[in-house]
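Reader: Could you walk me through the aromatic ring pairs, and then whatever helix packing goes with them? I'd like the cut-offs along the way.

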Amino acid sequence: MRHLSRIRMGLALAVAILSATMLVCAPAWAATHDIRFDDVLDGNVPGVTVSNLRGNGNYGQNNSLVGSFTNETGETLRMYVPPGMYFSPSDSGVQPLITGGCIVEIPPTRTGQTADVGMTAFCGDLSAHVPGADIGFTYEGLVPDDQRTLLENAEREQTDLGSLQSYVWQMTNGDGTPTDEGMRRLLEGGQVQGPCPTEGILIC
């Protein structure tokens, strides 16, 4: 009987580990979420705020844009960062940042405390400097539709971030002509998303 109990416990643990792994490994477009980054920026998420948006000394990485979040809901929230959000730097000699689609977790915070959370972002001006941690950023809106198409399809296909950074520069500093078959496929692969009808489904 004890042996059977141990087997059952082992199976339950294995299922739990598998489920957690599947959740962590799910691409942003297939994973559910609780809130959206743009809604947080607009002040439309009760109990959640973000401040001190800044660079991280790199580009085209999953932590290139950092924000200090408060989360007074008492629960860890999964936040969707839509692709194509444009952030202008506090220093005109520094590259702007453009978000890639990703989902990040915002942990609960105590009064007076914040949690630093990194988000996927790409540099948007090859002729300027890489954003350092001392450079602040302000959200200005969405990039043009052709750039959003590129980024949204890259999110679905889980395109390598290094390749995607070069594609973004081709859109912002070049003439937008595809540099290879991968970029051409991303530009021709679909249309930009419309408004999101509800929370917690797919990539809306």
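**Rings and a helix pair**

Author: With a relative accessibility of 16%, Trp169 counts as buried (buried is under 20% relative accessible area, exposed over 50%, partly exposed in between, using a 1.4 Å probe and protein chains only). Before going on: this is a predicted model, where local features need pLDDT of at least 70 and side-chain atom pairs count only at pLDDT 80 or more, while totals for chains, interfaces and linings use all residues. Residues are numbered from 1 along each chain as its sequence is written, and side-chain values use heavy atoms, leaving out hydrogens and water.

Now the rings. Those of Phe, Tyr and Trp (its six-membered ring) pair if their centres lie within 6.5 Å; planes under 30 degrees apart count as stacked, over 60 as edge-to-face and the rest as tilted. That rule gives four aromatic pairs. Take Phe37 and Phe87: their ring centres sit 5.9 Å apart with planes at 20°, so they're stacked. Phe37 belongs to helix α2 (residues 37-41) and Phe87 to strand β5 (residues 85-89), so this pair ties together parts 50 residues apart in sequence (helices, H or I of at least four residues, and strands, E of at least two, are DSSP runs numbered from the N terminus). Phe37 and Phe87 are both buried.

Then there's Tyr59 with Trp169, whose ring centres are 5.3 Å apart and whose planes make 55°, so that pair is tilted. Distant parts of the chain get linked here, 110 residues apart: Tyr59 is in the loop between β2 (48-54) and β3 (61-71), and Trp169 is in helix α4 (residues 161-172). Tyr59 has a relative accessible area of 34%, which makes it partly exposed. There's a cluster as well: ring pairs link Phe37, Phe69, Phe87 and Tyr139.

Back to α4, the helix that holds Trp169. Helix α3 (residues 145-157) packs with α4 at an angle of about 170°, their axes 10 Å apart (axes are lines fitted to C-alpha atoms, for helices over the stretch in contact, with angles from 0 to 180 degrees between N-to-C directions). α3 and α4 are therefore roughly antiparallel (over 145 degrees; under 35 is roughly parallel, 65 to 115 roughly perpendicular, the rest oblique). On the α3 side, Asp146, Gln147, Leu150, Leu151 and Ala154 make the contact, and on the α4 side Leu164, Tyr167, Val168, Met171 and Thr172 do (contact means heavy atoms within 4.5 Å). By class, the contact of α3 with α4 has seven nonpolar, two polar and one charged residues (Ala, Val, Leu, Ile, Met, Phe, Trp, Tyr, Cys and Pro count as nonpolar, Asp, Glu, Lys and Arg as charged, the others, Gly among them, as polar).
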